[in-house]
Amino acid sequence: MFFGNVKFDSGDQIFVWAYHWFLSLFAAVPWLQFALAVLLMTVPVLLLFPTLMGLTTWAERRVLARIQNRMGPNRVGPFGLLQFIADGIKMLIKEDIIPRAADKFLHTLAPILIVIPPFLVLTLLPVGRNMTVVVSDVGLILFFALSGFGTLAIFLAGWSSRNKFSVIGGMRVVAQTISYELPLILAALSAVFVAGSLSMVSIVESQGGGFLNILSWNVWTPWGFAGFVIFFIAGLAEINRCPFDIPEAESEIVAGHLTEYSGFKYALFFVAEYLSAFAIAGLATTLFLGGWNGPVIGEVQILPSWFWFLIKMYALVVVMIWIRGTLPRLRSDQLMSLAWKFLLPLTIVNLIGSAIYTLTAQAGPWMWVAGWLISAVLIGTTYRVLVQIVYTKDAKKREYRYA
Amino acid sequence: MTLGFILIISAALFCIGLFGVLSRRNMIVILFSIELMFNAAHLNLIAFWRFGENPLAISGLMFVLFSLAISGAEAAIGLALILRLYRHYKSVETQSITELKG
Amino acid sequence: MPELSVQLLIFMFLGTVVLACAIYAVILVDLIRAGYALIFSLATLGGIYIVLGNDFLGAVQILLYTGAIAVLVLFVVMLTRKSVDGMGRAEKKQDWIWGGVLSGGLFLLLFIGINKHKDFASGLPPIVPQSDLTLQAFGMAFTEEYFVPLQIMGVLLTAAFIGAALIARPEKKGDESGKDMGAGS
């Protein structure tokens with residue numbers, strides 16, 4: 001809609017400039033230049049996100065602890081910041097037990113397989129201006145295609161353990177994941193109408209311009225706000241985090257598909273979960289929160305674009321931790337009814353609202369306001385009607401009797 | 001990288017699928033092999049689209065897209081039929097379907 | 001040029017993975033392993049499509065086969081198992097011999113035919129520079145030239161899935177073969 005010309009400060013392109021300068025040193029040897037280019041693009045992803053993951057494990061334990069009125073780890077290093085190194089060492093030196101009846105090859109293959117899709121998918125995210133590792137014009141579909149592998153890996157983990165708890169846990173995860181894939185993908189599609197392209201870079205660029213570079217984000221529109229909330233909820237269900245973490249809860253079927261795993265393989269499952277959380281948070285900021293767009297004064301952006309992306313992504317991860325500490329776990333049938341009866345109709349109406357908004361936004365300011373109001377009314381009434389039908393129709397008023 | 005190279009890979013994939021259909025007696029593996037043959041044909045189509053004289057013609061990709069959708073639907077129906085047969089004959093072997101009366 | 005030989009290496013690697021996983025899918029006794037081998041093979045084939053230059057079709061192939069067909073295959077394999085250890089092979093030696101001879105003969109025929117054709121040794125044409133053109137061309141083609149096939153495809157897929165659900169439906173109360181493996185609650 002608005003395409004502004006933002007003059008960015010020098011910190012914005014510093015990594016891109018360093019990359020090109022380093023590669024120009026090897027211009028005489030093309031094959032070395034090619035190999036170094038590939039290495040320089042992939043190794044930062046492999047280093048940055050696991051480090052952020054270590055920081056997130058510390059943040060999760062501290063934030064959860066403070067919500068639950070206790071302290072959390074504060075002995076290892078200043079404020080307990082080195083706790084994740086201690087945890088890593090502990091995981092590495094634990095004995096790796098494979099049950100005798102388990103399928104050894106598949107049992108070892110499952111944690112390796114589950115850690116690959118999050119890394120692949122993190123390379124698709126536009127971390128900054130000109131800083132996307134894999135630029136593709138169908139980046140959004142590649143994201144959802146590659147994240148489908150995680151489901152298969154969890155099922156493999158459950159199946160190969162030859163344990164009834166694991167098999168049931170694996171099947172529950174598959175049912176949960178395929179139920180929430182539809183609202184996830186359709187909510188992401190509602191952000192594609194405005195951008196007109198499936199490429200993530202175009203989606204971020206179409207949210208630029210506007211007042212202070214903030215008001216043009218997708219989340220301020222009615223379909224964007226509803227889409228963001230739906231995407232976030234469905235994303236939480238996809239990565240098996242609270243309140244949808246039946247598969248990995250300790251008080252449920254022992255530990256579901258993780259029952260027979262110990263040591264480093266167990267750690268790999270959690271690495272995959274945290275990295276998937278980063279991927280979902282990163283995609284939510286790309287689609288709805290404006291990606292690397294930050295506030296602009298005049299023509300100069302205040303802070304670099306990659307900083308804004310990382311801050312927004314990390315804020316969403318902190319919100320995920322907050323939700324984990326606050327909400328109780330959903331039962332399987334409540335989970336399924338939320339996906340199929342509530343989120344899916346709301347997502348389809350969200351698509352219609354987004355289409356109406358896109359059509360009217362090009363036609364002038366009054367049409368734009370009219371489109372905004374029409375889509376807001378449409379989505380709002382659908383939400384109220386769905387809540388009435390699905391959740392409050394048969395609910396009796398609660399009686400409290402105090403002893 | 002020549003066209004012949006991709007065609008040989010596609011031919012090999014097709015023949016592996018054919019080997020599975022002809023020699024296995026498990027119905028589910030026969031379905032896997034049919035999927036492999038479908039995909040060999042798709043690879044063939046993509047190769048000819050890529051190396052053809054009109055690289056912007058959309059009809060090659062359209063062919064593959066529709067064929068992908070149809071092969072997916074066919075896999076779903078085939079698996080449903082296998083499930084039904086298993087319930088009746090209690091086996092997924094082709095040799096066990098000996099009676100015509102249900 | 002370095003890119004071309006690297007592309008050839010990547011292509012050879014992906015092709016080897018596809019063929020190896022396809023051979024596993026056809027030979028293994030354990031159906032879960034065979035199913036996973038098939039899924040890896042077809043997903044790597046999606047990777048080959050991406051290397052050949054159309055991201056969209058590769059992404060659709062991976063999405064379809066790992067997201068949808070994989071789950072179907074795995075559930076059907078689980079629902080049709082009688083014992084965990086399996087019963088060994090049901091195929092006799094002559095099944096393998098006939099299958100090997102016929103498919104090997106066909107492969108030899110195709111190999112000789114491909115090598116004899118004079119046009120197939122041409123090099124790779126350059127990749128179309130505006131790759132976004134292909135995706136927009138898809139959209140335009142779906143709304144202009146291929147509109148009727150799209151609608152027919154929609155009807156066909158709806159009919160297929162309703163039919164599959166009806167065929168696989170349990171008939172009587174005591175006839176569910178998957179009743180001890182209920183997914184969800």
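Predicted model: local features only at pLDDT ≥ 70, side-chain atom pairs only at ≥ 80, totals over all residues.

Analyst: The domain assignment of chain A places domain 1 at residues 7-41, domain 2 at 49-93 and domain 3 at 96-391.

Helix α3 of chain B covers residues 59-89, 31 residues in total. From its first C-alpha to its last it reaches 44 Å, close to the 45 Å expected at 1.5 Å a residue. Just after α3(B), K90(B) adopts a positive phi of about 60 degrees.

The buried residues of this helix are L61(B), V64(B), L65(B), S71(B), G72(B), A75(B), A76(B), L79(B), A80(B), I82(B), L83(B) and Y86(B). They pack against α2 (27-51) of chain B, and also against α3 and α6 (147-167) of chain C.

L79(B) counts as buried because 24 other C-beta atoms lie within 10 Å, where the cut-off for a buried residue is 20 or more. Not counting residues up to four places away in sequence, L79(B) touches L31(B) in its own chain and L72(C), V73(C) and V76(C) in chain C. Along the sequence, L79(B) and G60(B) are 19 residues apart, and their C-alpha atoms are 29 Å apart in space.

The contact between chains B and C takes 70 residues from chain C and 56 residues from chain B. On the chain C side, α1, α2, α3, α4 (93-116), α5 and α6 each supply at least two residues. The largest share, 13 residues, comes from α4(C). By type, the residues on this side of chain C divide into 53 nonpolar, 14 polar and three charged.

Chain C also meets chain A. Here 24 residues of chain C are in contact with 29 residues of chain A. The elements of chain C that give two or more residues to this side are α1 (2-27), α2 (31-51), α3 (55-79) and α5 (132-143). Of these, α3(C) provides the largest share, 11 residues. The side of chain C that touches chain A comprises 16 nonpolar, five polar and three charged residues.

Leaving aside neighbours within four places in sequence, F231(A) is in contact with L184(A), A187(A), A188(A), A284(A), L287(A) and F288(A).

Two loop residues of chain A complete the picture. Most residues other than glycine have a negative phi. N69(A), however, has a phi near 65 degrees and is found in the loop between α2 (30-67) and α3 (83-93) of chain A. N69(A) is exposed, because 6 other C-beta atoms lie within 10 Å, and the cut-off for an exposed residue is 12 or fewer. N130(A) likewise is not a glycine and has a positive phi of about 60 degrees; N130(A) is found in the loop between α4 (104-122) and α5 (139-160) of chain A. With 16 C-beta neighbours inside 10 Å, N130(A) counts as partly exposed.

Technical notes
Residues numbered from 1 in each chain as written. Chains lettered and ligands numbered in written order. Contact = placed C-beta atoms within 7 Å. Helix = DSSP H or I, 4+ residues; strand = E, 2+ residues; numbered from the N terminus. Nonpolar A, V, L, I, M, F, W, Y, C, P; charged D, E, K, R; others polar. Expected span 1.5 Å × (residues − 1). Domains from an automatic or database assignment.
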